[in-house]
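The following exercises concern one protein chain and are meant to be worked with the structure in view. Each task is followed by a solution in steps.

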Amino acid sequence: MAIGSGLGAQIGIASEVTYGTFVAPTRFIEFTKESLVLKKTTAQSSGIAAGRLMALSSRRVVTQKEVSGSLELEVTNKGMGALLQALMGTTVTPVQQAVTTAYLQTHTLADTWGKSLTIQKGVPLTTGTVTDKSFLGCKVTSAEFSCEVGGMLTSSFEFDGKDCDESQTLAAASYSNMSPFHFGQLAVKSGSFGTETALDGVRKVSVKIERPQATDRFYANSSALKAQPISNDLVKITGSLEMDYVATTVDDLHTSDGATSLVVEFVGPLIASTYFETFRIKLPAIKIDDAPPTVDGYGVVKPTFNFTALYDGTNAVAIEYMSTDTTV
């Protein structure tokens, strides 16, 4: 029996072959918080019957069902591929580096059609029995990555889903030996694409990727369930740099509205040869939106520069992930 509290909870994920069709979880996520729920839309009959003072239970119907919620977790050196693929859209096959145990995943920005997940949640009763809630057709609608002084690289994924199936068998959770990326491994670089150099003074960085989709595709003949969401707007990528005011590099970009490439990377321990555990976000062109430095006291000036990532006309936004995972 499991522990009858959140200590006994589990999250397992698997990439779906067909949108909304259950696939048994193959990876188990060490998460910090989740809010995945089934949402239902109901309609209640308002028919009048002589002498009846309350609405009739049998005349309430469920007209729509869908899933929404988020999953928060630390970004680790293994097991992130399926989430990154669902976010970015590219079908990825990890590429072995030379003849080592290091494999590189390159997730470039693409349409997310066909990229959905089954997310199976195990929720413990106080008795220690763990109940199954398998969320089907989970599409990533946004994800945010953030790291600050003294902290770990954290992520938050927002989902839209098709349905919740409580009839599946709860998979037995198993976890590989994973370690999180953290501030001590962080490098932030800017400059011309491909030749970026270290950007000094950064205390916190965050990047948010939003994937707008038509999530209201409810049609007849579908048993109150939605069709797969379709991308219906441009991808929006924003972020922020919290810094000590050590140089005018970023401030000058705000003034000129010039573009720069931004690389946010975490390089961990050696895997083999010259290949290290790596998580890297590459934004070929960002522009600084607002928040030039202001002085509000005696302390070190600490501006926060908000930015928007844009297409530079040539290079794609990408997330590179080096690990020992041989599959996504």
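Of the 328 residues in the protein chain, 44% are buried, where buried means under 20% relative accessible area, exposed over 50%, and partly exposed in between (1.4 Å probe, protein chains only). The model is predicted, so local features need pLDDT of at least 70 and side-chain atom pairs count only at pLDDT 80 or more, while totals for chains, interfaces and linings use all residues. Residues are numbered from 1 along each chain as its sequence is written, and side-chain values use heavy atoms, with hydrogens and water left out.

**Exercise 1. Overall description**

Task: State the secondary structure content of the protein chain and the box that its C-alpha atoms fill.

Solution. 
Step 1. The protein chain has two helices and 21 strands; helices (H or I, at least four residues) and strands (E, at least two) are DSSP runs, numbered from the N terminus.
Step 2. Taken along the principal axes, the box filled by the C-alpha atoms is roughly 80 × 50 × 40 Å.

**Exercise 2. The setting of helix H1**

Solution. 
Step 1. Helix H1 covers residues 81–88.
Step 2. Because eight of the eight residues are buried, H1 is largely enclosed by the rest of the structure.

**Exercise 3. Salt bridges across the sequence**

Task: How many salt bridges does the structure hold, and which parts of the chain does the pair Arg-27 and Asp-325 link?

Solution. 
Step 1. There are 13 salt bridges in the structure, a salt bridge being a side-chain nitrogen of Lys or Arg within 4 Å of a carboxyl oxygen of Asp or Glu.
Step 2. Arg-27 and Asp-325 form one of them, with the closest N and O atoms 3.9 Å apart. The pair links distant parts of the chain, 298 residues apart: Arg-27 belongs to strand E2 (residues 27–28), and Asp-325 to the segment after strand E21 (318–323). Asp-325 is buried because its relative accessible area is 8%.
Step 3. Asp-160 and Lys-226 form a salt bridge whose closest N and O atoms are 2.8 Å apart. This pair joins strand E10 (residues 154–161), which holds Asp-160, to the loop between strand E15 (213–214) and strand E16 (230–231), which holds Lys-226; the two are 66 residues apart. Both Asp-160 and Lys-226 are buried.

**Exercise 4. A salt-bridge network**

Task: Describe the contact of Glu-265 with Lys-189, and name the network to which they belong.

Solution. 
Step 1. Glu-265 and Lys-189 meet through their side chains in a salt bridge of 3.0 Å, N to O.
Step 2. Because Glu-265 is in strand E18 and Lys-189 in strand E12 (residues 186–191), the pair ties together parts 76 residues apart in sequence.
Step 3. Glu-265 is buried, with a relative accessible area of 8%, whereas Lys-189 is partly exposed at 26% relative accessibility.
Step 4. Through shared partners, salt bridges join Lys-189, Glu-265, Arg-280, Lys-282 and Glu-320 into one network.
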